[in-house]
Amino acid sequence: MSYPVLKALHICFVIAWFAGLFYLPRLYVNLAMAETSAERERLLLMSHKLYRFMTPLGALAVGFGLWLMVAFGFTGGWLHAKLTLVALLIGYHGWCGRLLKQFAAGQNRRSHRWYRVFNEAPVLVMFAVVFLVVLKPF
């Protein structure tokens, strides 16, 4: 597969994965504020469906990124920094899954304010990754 095609696929799956990483914690904000059981159940259903949808998107984003790295021999400090940030994103994704299980079990102990802050983490990582990839500062 050619470099432009692999790169385009990687970017598309990264965008799709990030859409889920941005929206799922926003659903958690609403879940933490839910006042009725019907609202809670609707938000839980949406959260479960989104998590199941975004998980393979994240796997494909990582897979195509690794394919690019191996096939085209990318190296450098910027790549190590990016891979570290991607590992953090994978951990964040997993943390979102654990939080979803807590919500489903009725064991949430965090406020909607905490989830609002939690929701901002992938935005900061995204900025760092984009600048590392575009600027390749080291």
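## The segment after H5

Lys136 sits in the segment that follows helix H5 (121-135). Helices here are DSSP runs of H or I with at least four residues, strands are E runs of at least two, and both are numbered from the N terminus. The phi angle of Lys136 is near 45 degrees, a positive value in a residue other than glycine. Most residues other than glycine have a negative phi.

Is Lys136 buried or exposed, or partly exposed? Lys136 counts as partly exposed because its relative accessibility is 41%. Buried means under 20% relative accessible area, exposed means over 50%, and partly exposed lies in between, with a 1.4 Å probe and protein chains only.

## About the model

This is a predicted model, in which local features need pLDDT of at least 70, side-chain atom pairs count only at pLDDT 80 or more, and totals for chains, interfaces and linings use all residues. Residues are numbered from 1 along each chain as its sequence is written, and side-chain values use heavy atoms, with hydrogens and water left out.

## The whole chain

The protein chain has five helices and zero strands. From the N terminus, the order is α-α-α-α-α. The C-alpha trace spans about 55 × 30 × 15 Å along its principal axes.

The chain has 138 residues, and 33% of them count as buried. Its accessible surface is about 8100 Å², with 70% belonging to carbon and sulfur atoms. These areas come from the Shrake-Rupley method with a 1.4 Å probe; for residues, only the protein chains shown count as cover. Among contacts with a separation of 6 or more, 78% join residues 24 or more positions apart. Contact means heavy atoms within 4.5 Å.

## Helices H1 and H3

Two packed helices are described by the angle between their axes and the distance between the axes. Helix H1 (residues 3-33) packs with helix H3 (residues 77-104) at about 35 degrees, and their axes are 11 Å apart. The axes are lines fitted to C-alpha atoms, for helices over the stretch in contact, and angles run from 0 to 180 degrees between N-to-C directions. The H1 side of the contact includes Trp17, Leu21, Leu24, Tyr28 and Leu31. The H3 side includes Tyr92, His93, Cys96 and Leu100.

His93 lies in helix H3. His93 counts as buried because its relative accessibility is 8%. Beyond neighbours within four places in sequence, His93 is in contact with Trp17, Leu21, Tyr51, Met54 and Thr55.

## Ser47 in H2

Ser47 belongs to helix H2 (residues 37-72). Why does Ser47 count as buried? Ser47 counts as buried because its relative accessibility is 0%. Leaving aside neighbours within four places in sequence, Ser47 is in contact with Leu24, Leu27, Tyr28, Leu31 and Leu100.

His112 is in helix H4 (residues 112-118). His112 is partly exposed, with a relative accessible area of 22%. Which residues does His112 contact, leaving aside its neighbours within four places in sequence? They are Val29, Ala32 and Met33. His112 and Met33 are 79 residues apart along the chain, yet their C-alpha atoms are separated by 6.2 Å.

Ile15 lies in helix H1. Ile15 is exposed, with a relative accessible area of 57%. Ile15 and Gly58 are 43 residues apart in sequence, and 9.4 Å apart in space from C-alpha to C-alpha.
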